[in-house]
Structure formats: C-alpha cells, structure tokens
Amino acid sequence: MKRYSAFAVAREALRRHSGWQRAWASPEPRQSYDVIIVGAGGHGLATAYYLGKNHGITNVAVLEKGWLGGGNTGRNTTIIRSNYLQDPSAAIYEKARSLYETLSQDLNYNIMFSPRGVMMLAQTHHEVRGYQRTAHANALQGVDTEYVGPERVKELCPIISIDGPRYPVLGALWQARGGTARHDAVAWGYARACSDMGMHIIQKCEVTGVRSSNGQVTGVETSKGPIACDKLGVVVAGHSGRLAEMAGFRLPVESVALQALVSEPIKPCMDVVVMANTVHGYMSQSDKGEMVIGGGADGFNNYTQRGSFHHIEETVRALIETFPMLSRLKMLRQWGGIVDMTGDRSPIIGKTPLGNCFLNCGWGTGGFKAIPGGGWATAELIAKGEPGPLARAFSLGRFREGRFIDESVAAGVAH
C-alpha cells in the first residue's frame with residue numbers, strides 16, 4: 001500500500017492521478033481463517049486492525065452483508081467524548097478519545113478529527129447537581145472535564161439562548177478535548193490498514209448461520225458459502241440479537257432506530273458540540289456548514305433505517321427553544337441507524353455461551369465515539385480468550401449477577 005502524503009498528491013497531479021491504488025482489496029473468501037469478524041463497521045474493522053497491530057493476528061476475514069461502513073458507522077452524528085460517570089465507562093471511552101487524537105497518523109488516513117469541545121447543558125437544578133457530580137468523578141478518573149457557568153456557555157457558543165423562558169441554561173459540563181471526526185473516513189482508514197496487513201474484507205457476504213461442534217464455534221454459513229474459523233467475533237450493532245440466535249443464545253438487548261438530520265449549509269456559526277438533555281437534542285456544525293442535529297432513540301423496537309416526520313418535529317421543536325436561529329433553516333435530509341440498547345445503557349464486550357465466540361455489542365447511542373477503544377478491547381479479548389482491563393466489567397454475565405454499569409441518566413442524552 002502506498003503511503004498518502006503531500007509528495008504523493010503532487011506526484012499524482014503530474015501524471016493525471018493515474019497511479020492511485022484501490023484503498024482496500026476485494027478478495028474472494030478463503031475456506032478458513034484464524035478469526036472471522038462479522039460486521040465491517042467501525043468496531044468490526046477496529047477489532048481486526050488491533051488484532052493485527054497489537055497481537056500479530058492477520059489471518060482474519062471481516063464479513064459484511066452490505067457495504068463497508070454502511071450501517072451505524074455511516075449513520076451517526078460523529079460526537080466524540082469520554083465524560084461518563086462510571087469508572088469502567090470513563091476508562092474505555094477515554095481510551096477511545098485518546099486514540100482518536102493520533103488515529104490519522106496511525107492509519108496514514110485523514111479521519112478529520114476535530115477536537116472542538118463538547119458541552120452538555122444543564123437546564124434544570126437536577127442537571128446542575130448531576131453534572132457537577134460527573135465533573136468530580138471525571139477528576140478522579142483522570143478525564144479532563146469541568147463544570148462551567150452560563151456566561152462561559154454563552155462565550156463558547158454565542159448563538160445559544162441562555163435565558164429561555166422554560167429551560168434557561170444554568171451551566172454545562174465542558175470537555176474541551178472532545179469533538180467530532182468524519183465517520184466514513186474512520187471506517188475507510190481502518191479498512192485500508194487492515195487490507196494492507198493482508199486481511200480480507202468481504203462485502204456483500206451475509207452470514208446466514210453459525211456452525212459449531214461440541215460447544216465450540218467452527219465457522220459460519222454465508223451467502224458465499226461456508227467459511228471455517230477458529231474464533232468468531234460478532235460485531236453487528238443492532239443485528240446482534242439475530243446473530244446470537246444463530247449461535248444458540250439470547251442477548252439482553254433491544255434494537256431501535258436512532259434518527260438524525262442535517263440542515264442546509266450555512267456560514268460558520270458554531271464551533272463546539274452542544275448536547276441538551278432537558279429538551280432532548282444535540283447539535284454541531286459540519287465542515288460543509290450543515291447543522292448536524294439528533295435526539296433520542298425511538299421508543300419502540302424496530303429495524304428501520306429511515307427517518308420520520310414525528311422525529312423531525314419533536315427534535316427540532318425542542319432545540320429551537322435553545323437555538324432560536326434554527327427556526328429559519330430548511331432541513332436538508334434525515335436518516336436512521338439501528339442501535340442495540342442494553343438495560344443499563346452500557347456495552348457488552350465478552351465471551352458468549354458458545355466457545356471461541358466473542359461479542360461486542362450494546363453500545364446503544366454511543367458506538368461511534370468508542371470505536372478505537374472498543375476495537376482495542378475486543379481484539380485483546382479475541383486474541384487472549386479472556387477480557388483485558390478495559391473490557392472486564394462489560395461481560396455478559398453482569399446482567400445475571402446484577403453488576404450493572406448504569407449510564408442511562410449520567411450520560412446526558414445517552415449518546
């Protein structure tokens with residue numbers, strides 16, 4: 001794989017860009033692999049990448065029923081932060097955030113990481129106490145956050161209205177080193193690096209069954225024929241429950257749609273990410289000038305990837321109370337992603353009842369921000385057969401044992 005650089009761009013410009021290679025190969029599947037990862041989204045590709053980089057395992061296939069990054073990775077609002085309350089959550093999200101800072105250099109691919117800062121508004125006295133508590137917890141965890149007053153909020157985001165009649169802004173939890181990245185570029189960068197290590201990324205290859213013998217996984221049935229493996233990683237977000245059924249067990253997750261939308265592009269007016277739990281919405285401005293807007297997950301189980309007029313009305317109506325300027329904007333497009341929600345709103349990273357079958361799921365609405373950390377932890381789990389320090393608390397057994405990692409309220413909008 002040729003390295004990308006300013007010199008490479010100049011060289012290709014002189015020969016009419018005829019020398020660029022494909023970013024990743026599209027091979028036919030082999031009969032067997034050491035490891036098969038189901039799901040070529042951010043977490044699946046990151047898992048494969050860190051299997052090769054950290055553990056030297058490169059005989060890996062990443063299977064994707066659609067196209068690479070076409071699921072939740074390409075359907076989110078790109079927020080990156082680590083200001084979670086519980087210690088295990090803060091650890092894995094902070095690992096991910098720190099990896100994001102150097103990911104462009106690590107992958108030799110510009111993921112457009114923008115550490116613009118993330119602000120979570122406190123618009124009730126209950127939220128003020130909650131975010132002050134989180135700020136104290138983050139200080140003990142080594143996560144750099146602070147609680148700021150309304151004047152600082154207005155300074156950081158001048159377009160915000162802090163004197164709303166129903167929901168005035170009383171302060172915010174501010175993480176200056178949070179931000180955004182380009183979602184597609186994250187998937188493409190990981191895919192390019194995996195392909196360069198000799199891994200197979202196989203698109204349009206749907207897994208239709210899981211093969212096992214004596215309680216151990218032996219391979220998968222796919223739309224391109226059976227493929228054998230020694231170890232299997234299931235990293236398919238909202239479809240985790242369906243893959244688990246194929247493997248013979250059930251998961252404590254529910255699949256729902258999470259919707260988002262963008263406005264028409266406008267001149268730069270907002271250089272931070274703002275999340276508002278009370279009115280239940282969040283917003284940032286993209287590099288193209290669009291206002292990227294999202295809210296909560298649907299209140300009913302579904303597998304749709306479409307938006308709805310009800311969601312536009314609910315989310316935009318709420319945000320207009322805090323950002324009156326939105327009332328003058330036209331909405332450009334909307335979409336949905338299928339997220340898998342656990343009861344405590346924390347992920348599952350661990351072993352399953354089927355031997356040598358491992359799981360990464362349950363990120364709910366927080367999957368994108370955790371991609372590097374989740375991939376790092378899942379790769380360690382698959383390589384060693386046991387969870388490392390990042391993943392240990394997120395085992396499937398915690399639901400049986402009552403060891404919940406409750407982030408349903410402390411995570412703000414749970415994104």
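This report walks through helix packing and a few individual residues in a predicted model.

## Ground rules

Residues are numbered from 1 along each chain as its sequence is written, and side-chain values use heavy atoms, with hydrogens and water left out. Since you're looking at a predicted model, local features need pLDDT of at least 70 and side-chain atom pairs count only at pLDDT 80 or more, while totals for chains, interfaces and linings use all residues.

Helices (H or I, at least four residues) and strands (E, at least two) are DSSP runs, numbered from the N terminus.

Let's start with helix H3, residues 87-107, and helix H9, residues 371-384. Their axes are 6 Å apart and the packing angle is about 110°. Axes here are lines fitted to C-alpha atoms, for helices over the stretch in contact, and angles run from 0 to 180 degrees between N-to-C directions. H3 and H9 are therefore roughly perpendicular to each other; the classes are roughly parallel under 35 degrees, roughly antiparallel over 145, roughly perpendicular from 65 to 115, and oblique for the rest. H3 passes H9 in a right-handed crossing (right-handed if the near helix is turned clockwise from the far one by less than a right angle, left-handed if anticlockwise). On the H3 side the contact uses Ile-92, Lys-95, Ala-96, Leu-99, Tyr-100 and Leu-103, and these meet Ile-371, Pro-372, Gly-373, Gly-374, Trp-376 and Ala-377 in H9. Contact means heavy atoms within 4.5 Å. Sorted by class, that contact of H3 with H9 has nine nonpolar, two polar and one charged residues. For the classes, Ala, Val, Leu, Ile, Met, Phe, Trp, Tyr, Cys and Pro count as nonpolar, Asp, Glu, Lys and Arg as charged, and the others, Gly among them, as polar.

Next up is helix H6, residues 183-196. H3 and H6 pack at an angle of about 40°, with their axes 10 Å apart. That angle makes H3 oblique to H6, and H3 passes H6 in a left-handed crossing. H3 brings Tyr-100, Leu-103 and Leu-107 to the contact, and H6 brings Val-186, Gly-189, Tyr-190, Arg-192 and Ala-193. The tally for H3 with H6 is six nonpolar, one polar and one charged residues. Then there's helix H2 (residues 42-55), which packs with H3 at an angle of about 75°, their axes 14 Å apart. That makes H2 roughly perpendicular to H3. Tyr-49, Tyr-50 and Lys-53 in H2 meet Leu-99, Leu-103, Asp-106 and Leu-107 in H3, a contact of H2 with H3 that splits into five nonpolar, no polar and two charged residues.

## One side of H7

Helix H7 covers residues 240-247, and its buried residues are Ser-240, Leu-243, Ala-244 and Ala-247. They sit on the same side of H7, because they cover an arc of only 105° around the axis. The arc is that of the directions from the helix axis to the C-beta atoms. As for burial, buried means under 20% relative accessible area, exposed over 50%, and partly exposed in between (1.4 Å probe, protein chains only).

What do these buried residues of H7 pack against? The partners are strands S1 (32-38), S9 (207-213), S11 (227-234), S16 (331-342) and S18 (357-361). Just after H7, Gly-248 takes a positive phi of about 95°.

Most residues other than glycine have a negative phi. Two exceptions turn up in loops. His-17 has a phi near 55° and lies in the loop between helix H1 (6-14) and S1; the residue is partly exposed, with a relative accessible area of 43%. Met-112, with a phi near 60°, lies in the loop between H3 and strand S4 (118-122) and counts as partly exposed at 37% relative accessibility.

## Residues across the chain

Asp-287 counts as exposed at 61% relative accessibility. Asp-287 and Met-112 are 175 residues apart along the chain, yet their C-alpha atoms are separated by 9.4 Å. Not counting residues up to four places away in sequence, Asp-287 touches Met-112 and Arg-116.
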